[in-house]
Amino acid sequence: MFVTGMQKILNYIGGQHTEPLTGRYLQNINPAEGKPYSLVPDSDATDVQQAVEAAQQAFNAWATMPPEKRCAILLRIADLIDRNTEQLALAESTDQGKPLKLARAVDIPRASLNMRFFATAAIHFASEAHITGSEAVNYTLRTPVGVVGCISPWNLPLYLFTWKIAPALAAGCTVVAKPSELTPMTAYLFSKLCTEAGLPHGVLNIVHGLGPKAGQAIVEHPGIPAISFTGGTATGKKIAATAAPMFKKLSLELGGKNPNIVFADCDFDLAVRTSIQAAFSNQGEICLCGSRIFVERSLYQKFTDAFVQQTRGLTVGDPLDEQTRIGALVSEAHLNKVLGYIDLARQEGGTILTGGKQVRPGGRCAHGYFVEPTVISGLSETCRTNQEEIFGPVVTIIPFDSEEEALHMANSTPYGLSATVWTTNLTRAHRVAAQIHSGIIWINCWLFRDLRTPFGGMKQSGVGREGGWEALRFFTEARNVCVKL
Ligand code: TXE
């Protein structure tokens, strides 16, 4: 299934793999090597128009198909993901730079789980009825909203692509999707699996290309009443500004600058080990990474020493090497952004406890975009390094003297996506969780997910909630029908 060399990725419109109408392509770079390895369509509004028409044609049949049949098709896609895990993981790693081992263990299995979860949700979805005394019955009729736009980012390419499209398809919507132009390969391979699984033509359409061109055309299209987007906060603002005057439904999952609060009474080994994962998994390119570590002063030195020591033990290098824990950053532009923030941290008076430099692993990766995992101390919570999303293997570590101070610092950014709290004091855990302004608070764990729970951010981390029924409700229109008794 996976072809090496300058393979041409194609759009997927009306069940056909098609060239972009302009005939133009962009280079798809392998970030571990710093050179192009395939071509991705540079689609524009004309391709989006074709995709919308295909999705509109497919809509009625898909929306009215018995949920059991929709479920069966989506389950077949999940099975095919499982059967092709190795090829998909290799494509995910080659596009994104992440360790192959991570793609195999996390990204691809979670993509399959997304399909499976929402496939079965389609047959369990129910809506409410309200009995108004003896006078009336009100029931809620939920119908698929129509053709929806799903725009996904480059950090967890197939995982987040499926996270968006699976609930849309389960709800009976047809989809025009755009994966990130930086990581298009797994969505392309996925489209082939959809054909193999017998997904009716036009139910899922994938238009590849640049955000401001193909992405913007999806957001602007009057035939698309709902947009589900995951990406940067600046892009989210632009999408909201375009969509709001058209009164589109919007679900925006944006950036994070997440606090990781360590109290002195924590399970020390677990807290250090998991904080390392929270800081550096996927090169720190996860919106849920814990990038600001706050440690109670009495534990600060011990925690910092152990954290720095374990950070130094992380192998940076070829994503295909099984020993590698930190692969390449997704692009040269992103590498420069991350290195720029490390420089900024120095200018702001920070001390680099470990890391701080670009890595050149040699061999096939000599020109790749690698950075050492970096730990910085000595910065205030208000400086830019601690306020802006870096989205790389860079964390700061700050002591605190009281629970109030920890909460104040944790809540001090414009973001509010996730937080982690380490304590064995049950009362404190609940008290602190209720005061953190984040959509998810993990107590003594990180990245644990139950797909039934609402997922999303507060403040500039986004609007709307995904996951479980929230996602299915987003992709449906609710009508209240009032029957007078
Ligand atoms: O993402 P973009 P970028 C953060 C992270 C990163 C920063 C910028 O801090 O450094 O965002 O990353 C499409 N209309 N996150 O600029 O642009 C784009 O093609 C419609 C956090 O690379 O947000 C891609 O498919 N679509 C994040 C998708 O938006 C547009 C994950 C996301 O890309 C568009 C990624 C437009 N005008 C980056 N412009 C997370 N929350 O996980 C771009 N796109």
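1. A cavity here is a set of points, on a 1 Å grid over the protein atoms alone, where a 1.4 Å probe fits but cannot get out, and its lining residues have an atom within 4 Å of a point. Grid points are joined across faces, edges and corners, and a volume is the space filled by probe spheres set on the points.

2. The model is predicted: local features need pLDDT of at least 70, side-chain atom pairs count only at pLDDT 80 or more, and totals for chains, interfaces and linings use all residues. Residues are numbered from 1 along each chain as its sequence is written, and side-chain values use heavy atoms, with hydrogens and water left out.

3. Three cavities of 30 Å³ or more are present in the structure.

4. Among the residues that line it are W163, K164, R465, E466 and F475. Two elements, α5 (157-170) and α15 (468-474), each give two or more residues to this lining; helices (H or I, at least four residues) and strands (E, at least two) are DSSP runs, numbered from the N terminus. The largest share comes from α5, with three residues. The lining divides into five nonpolar, two polar and three charged residues.

5. Y139, L141, V483 and L485 make a nonpolar surface patch of about 340 Å². Patch residues have over 30% relative accessible area and no salt bridge; like charges are joined within 9 Å, and nonpolar side chains (Val, Leu, Ile, Met, Phe, Trp, Tyr) within 5 Å. A salt bridge is a side-chain nitrogen of Lys or Arg within 4 Å of a carboxyl oxygen of Asp or Glu. Accessible areas come from the Shrake-Rupley method with a 1.4 Å probe, and for residues only the protein chains shown count as cover.

6. L485 lies in the segment after β25 (476-484). L485 is exposed, at 58% relative accessible area (buried is under 20%, exposed over 50%, partly exposed in between, with a 1.4 Å probe and protein chains only).

7. Most residues other than glycine have a negative phi. F247, in the loop between α8 (233-243) and β12 (249-253), has a positive phi near 55°. F247 is exposed, at 75% relative accessibility.

8. N444 also has a positive phi, near 55°. N444 sits in the loop between β22 (440-443) and β23 (458-459), and is partly exposed at 30% relative accessibility.

Note on methods
On a 1 Å grid over the protein atoms alone, a cavity is a set of points where a 1.4 Å probe fits but cannot get out, and a pocket is an open set with protein on both sides within 12 Å along at least five of seven lines; lining residues have an atom within 4 Å of a point. Ala, Val, Leu, Ile, Met, Phe, Trp, Tyr, Cys and Pro count as nonpolar, Asp, Glu, Lys and Arg as charged, and the others, Gly among them, as polar.
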